Amino acid sequence: MIRCKPLLGTYVEISANTDEAINQAFEAIQLVQDLMGFHNPHSELSQINAHAHLEPIKVHEWTFQVLRIAQELCESTKGMFDCGVGGKLVASGLLPKHSDRMDTSCGSIMDLVLTEPNLVSSKVPLTLDLGGIAKGFAVDKAIEALQLCGAESGYVNAGGDLRVFGNTSQEIQVRNPSNPTELISLGSLKNGAIASSGLYYCDDSKTNQGHIVIPQTMEQIEFTESYSVIAPECIYADALTKVFAISKDNSHPCFQKYSAQAIGIAL
């Protein structure tokens with residue numbers, strides 16, 4: 001059976017053999033959204049942005065896990081992936097401004113101090129945005145929920161962040177960058193994940209519409225290509241699409257490190 005719900009700023013489709021498994025998977029995604037959503041001023045992410053430079057913040061183990069992986073990715077990509085770009089996206093109007101400080105220059109994800117058990121503090125004020133990694137993590141946690149409920153196969157598709165497990169295979173389709181209503185088939189996926197980044201529906205009459213920021217220069221990039229990454233887990237596929245879009249290098253060393261494959265589609 002297949003069910004669909006609006007979550008994570010998109011539509012999430014889940015396929016499994018029981019309603020209970022699907023319910024648990026949706027609950028996992030809802031929890032990730034509640035914990036790590038930038039738009040929610042009461043989320044743990046918002047509390048980190050507001051207070052972590054003033055005092056340690058106790059967070060859920062999932063939030064702690066995503067922050068730790070984000071730091072690992074920042075280090076392994078030499079700063080090409082860095083969640084500390086939220087201030088630029090706030091200043092551009094792509095993210096909400098919860099305080100007067102949020103659209104100013106802030107620190108890096110590497111300025112976070114992660115202390116077991118699940119304490120987060122910061123050396124400097126931060127405006128972190130987990131939008132480039134949390135959706136992939138939510139997909140992975142939904143898959144985990146399906147498996148814990150005994151599902152032997154299924155998939156979770158969150159607006160193009162897709163992971164498949166078991167005997168199920170899923171056709172991979174990405175939008176044609178020159179004609180977003182047209183889908184391009186990349187084959188089928190089995191026991192793996194894929195994520196894609198593209199500027200399919202940006203308003204060309206407006207500036208600063210690019211949702212990907214080069215952390216080293218805080219420059220928003222606008223591009224006409226589509227960037228996809230296949231990896232064993234969706235959290236890495238999701239994050240590495242940003243590295244691919246910035247570097248334009250499908251043989252970047254980080255892809256081998258995370259057993260990932262990059263696929264670009266140009267106009």
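**Figure 1. The predicted model holds four aromatic pairs**. One of them joins Trp62 and Phe137 in an edge-to-face arrangement, with 6.0 Å from centre to centre and 80° between the planes. Trp62 belongs to helix H3 and Phe137 to helix H5, so that this pair links distant parts of the chain, 75 residues apart. Trp62 has a relative accessible area of 14% and is therefore buried, the limit being 20%. Phe137 is also counted as buried, at 3% relative accessibility.

**Figure 2. Tyr236 and Tyr258 form a stacked aromatic pair**. Their ring centres are 4.8 Å apart, and the angle between the planes is 20°. Tyr236 sits in helix H6, whereas Tyr258 sits in the loop between helix H7 (253–257) and strand E12 (261–265); the pair therefore ties together parts that are 22 residues apart in sequence. Tyr236 is buried at a relative accessible area of 13%, and Tyr258 is buried at 9%. Tyr258 also has a lysine at its ring: Lys257 lies over the face of Tyr258, 5.5 Å from the ring centre.

**Figure 3. Tyr227, Phe244 and Phe255 make up one aromatic cluster**. Helix H6 covers residues 234–247, and helix H7 covers residues 253–257.

**Figure 4. Lys5 is placed over the face of Phe26**. The distance to the ring centre is 5.0 Å. Helix H1 comprises residues 19–36.

**Figure 5. Helix H3 runs from residue 61 to residue 76**. At 1.5 Å a residue, its 16 residues should span 22 Å, and the C-alpha atoms at its ends are 22 Å apart, which agrees. Buried residues of H3 are Trp62, Thr63, Phe64, Val66, Leu67, Ile69, Ala70, Gln71, Leu73 and Cys74. Trp62, one of the buried residues of H3, is the residue that forms an aromatic pair with Phe137. After H3 comes Lys78, which has a positive phi, near 55°.

**Figure 6. Helix H2 has buried residues that are covered by both helices and strands**. The residues of H2 that are buried are Glu44, Leu45, Ser46, Ile48 and Asn49. Helices H1 and H3 are among the elements that cover them, as are strand E3 (57–58), E4 and E5. His51 is also in helix H2, but is partly exposed, with 31% relative accessibility. From His51 to Val120 the C-alpha atoms are 9.9 Å apart in space, although the two residues are 69 apart in sequence.

**Figure 7. Asp238 is a buried residue of helix H6**. Its relative accessibility is 3%. Leaving out residues up to four places away in sequence, Asp238 touches Gly131, Gly132, Ile133, Ala134, Lys135, Gly136, Asp161 and Ala195. Tyr236, in the stacked pair with Tyr258, lies in helix H6 as well.

**Figure 8. His252 occupies the loop between H6 and H7**. At 14% relative accessibility, His252 counts as buried. With residues up to four places away in sequence left out, the contacts of His252 are Met80, Val243 and Ser247.

**Figure 9. The protein chain as a whole has seven helices and twelve strands**. For 267 residues, a compact globule would have a radius of gyration near 18 Å, and the chain has 18 Å, which agrees. Along the principal axes, the C-alpha atoms fill a box of roughly 50 × 40 × 35 Å. Of the 267 residues, 51% count as buried. Among contacts between residues at least 6 apart in sequence, 59% join residues at least 24 apart. The accessible surface of the chain is about 12,200 Å², and carbon and sulfur atoms account for 47% of this surface.

Conventions: Residues are numbered from 1 along each chain as its sequence is written. This is a predicted model: local features need pLDDT of at least 70, side-chain atom pairs count only at pLDDT 80 or more; totals for chains, interfaces and linings use all residues. Side-chain values use heavy atoms; hydrogens and water are left out. Helices (H or I, at least four residues) and strands (E, at least two) are DSSP runs, numbered from the N terminus. The expected span of a helix is 1.5 Å times one less than its number of residues. Buried means under 20% relative accessible area, exposed over 50%, partly exposed in between (1.4 Å probe, protein chains only). Contact means heavy atoms within 4.5 Å. Rings of Phe, Tyr and Trp (its six-membered ring) pair if their centres lie within 6.5 Å; planes under 30 degrees apart count as stacked, over 60 as edge-to-face and the rest as tilted. A charge sits over a ring if NZ of Lys or CZ of Arg is within 6 Å of the ring centre and within 35 degrees of the ring normal. The radius of gyration is taken over C-alpha atoms; the globule rule is 2.2 Å times the number of residues to the power 0.38. Accessible areas come from the Shrake-Rupley method with a 1.4 Å probe; for residues, only the protein chains shown count as cover.
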